[in-house]
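Have a look at the model first, then try each task before you read its solution.

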Amino acid sequence: MSSPDDVGLSDQSPLRREMSVADWTFAFALPTSRRTYMNALAVGEYCHNRPINTWQAYRRTVLSAFEQYIVPFEQKESLSIVRSPTSRKFSRLLVRDRGVILFAHCNSLRKTIEFSDGMQPYGVIVRRVSPNFCGIADISACNPVGFDTLLKTQAPRCAVRVMQAYLSPIDWLKFFQALFSRFRAPSCYGEAILLAMHDIGI
């Protein structure tokens, strides 16, 4: 298994800062109710995909996995969850040294990410981020090529992680369950993410 040094982390990197579950925000930019699902059909792309193109199918697969694997950390470990954020709301989560995970749909060809206010261009999202953001942005959004570069340009002291592995949404939620489990005791992200990847066999 790789070490933090193998992924190019300096001692000053946010990825080496010890964090607990309570230091994280999980921005779940997918529907969490019938109302937000219908909104997603109207303004987005993701919920038009089979086999989740009905509310019942989406609820028993993706939403059920979110409630099973992620919501317990909100209830028991003080994880902050932001459900169905707008693009502006997400941008404003990236403040100070906070750790923020975005779970969303991305259209990498059009360079847009789906929020409750529709498909938003990378540039629009990034321009609203504070240049003083020095935390961690973990972007789980269908391989958003180029988003990390734009965000680092806007907020040079932050760390941005765009996962390259291709997993189903349910497997990604299992991964984040493994990651948050690692933060039950203070841990640095650079080590915790490698251990979580090992836990689920990425």
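A residue is called buried under 20% relative accessible area, exposed over 50%, and partly exposed in between (1.4 Å probe, protein chains only). This is a predicted model, in which local features need pLDDT of at least 70 and side-chain atom pairs count only at pLDDT 80 or more, while totals for chains, interfaces and linings use all residues. Residues are numbered from 1 along each chain as its sequence is written, and side-chain values use heavy atoms, leaving out hydrogens and water.

**Exercise 1.** Find how many salt bridges the structure holds.

*Solution.* Start with the rule: a side-chain nitrogen of Lys or Arg must lie within 4 Å of a carboxyl oxygen of Asp or Glu. The structure holds four such salt bridges.

**Exercise 2.** Work out which residue Arg 83 pairs with in a salt bridge, and classify both partners.

*Solution.* First, the partner is Glu 74, with 2.7 Å between the closest N and O atoms. Next, Arg 83 has a relative accessible area of 34%, so this residue is partly exposed. Glu 74, at 27%, is partly exposed too.

**Exercise 3.** Locate Arg 182 and its salt-bridge partner in the chain.

*Solution.* Arg 182 forms a salt bridge with Asp 199, their closest N and O atoms being 3.0 Å apart. Helix H7 holds Arg 182 and helix H8 (residues 189-200) holds Asp 199, so the pair links parts 17 residues apart; helices are DSSP runs (H or I, at least four residues), numbered from the N terminus. Finally, Arg 182 is partly exposed at 30%, and Asp 199 is partly exposed at 42%.

Notes
Helices (H or I, at least four residues) and strands (E, at least two) are DSSP runs, numbered from the N terminus.
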